[in-house]
Amino acid sequence: MNPAINMENIAGIIDHHAIQGNAIITEKPIFVDIRPWGSMSSIIAHSFAVQEKPLPKAIAGLLLSAILSDTLNLRSPTTTTWDKRMVSMLVQYIDPDFHVNK
């Protein structure tokens, strides 16, 4: 862990990579959501959907860009069905008239 990161400020971890070694040691319990998906941004987008939280268009665009970057435009071997579903959902937030070809 980078020494510039104050461990007391960590409230949780959301990621799509495995935790290696002793990377995170906290004094108190924290929220952890680690899934074998292609992008952490897919996990964030899914959380918005499950909690039925409004998603601002700008945030949807950022999440969409990050998913496409992490998954190499959904062509990476690490791309999951959930990544593809979240891309389809996020595109609808940005432009409801856009349809993803299947």
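**Exercise 1. Where is the place of N73, and what is its phi?**

Solution. N73 is found in the loop between α2 and α3; helices (H or I, at least four residues) and strands (E, at least two) are DSSP runs, numbered from the N terminus. The model is predicted: local features need pLDDT of at least 70, side-chain atom pairs count only at pLDDT 80 or more, and totals for chains, interfaces and linings use all residues. Residues are numbered from 1 along each chain as its sequence is written, and side-chain values use heavy atoms, with hydrogens and water left out.

Next, the backbone. Most residues other than glycine have a negative phi. N73 is not a glycine, yet its phi is positive, near 60°. L72 lies in the loop between α2 and α3, and L72 has a positive phi of about 50°.

Last, the exposure. Buried means under 20% relative accessible area, exposed over 50%, partly exposed in between (1.4 Å probe, protein chains only). L72, at 59%, is therefore exposed, and N73, at 48%, is partly exposed.

**Exercise 2. Describe how α2 and α3 pack.**

Solution. Two packed helices are described by the angle between their axes and the distance between the axes. Here α2 (residues 57-70) and α3 (residues 81-94) pack at about 150°, with axes 9 Å apart. Axes are lines fitted to C-alpha atoms, for helices over the stretch in contact, and angles run from 0 to 180 degrees between N-to-C directions.

Then list the contacts (heavy atoms within 4.5 Å). The α2 side includes K57, L64 and L68, and the α3 side includes D83, L90 and I94. By class, the contact has 11 nonpolar, 1 polar and 2 charged residues. Ala, Val, Leu, Ile, Met, Phe, Trp, Tyr, Cys and Pro count as nonpolar, Asp, Glu, Lys and Arg as charged, and the others, Gly among them, as polar.

**Exercise 3. Classify the pair of W37 and W82.**

Solution. Rings of Phe, Tyr and Trp (its six-membered ring) pair if their centres lie within 6.5 Å; planes under 30 degrees apart count as stacked, over 60 as edge-to-face and the rest as tilted. The count comes to 1 aromatic pair. The ring centres of W37 and W82 are 5.4 Å apart and the planes are at 10°, so this pair is stacked.

Now place the partners. W37 is in the loop between β2 (31-34) and α1 (40-50) and W82 is in helix α3, so the pair ties together parts 45 residues apart in sequence. W37 is buried at 11%, while W82 is partly exposed at 33%.
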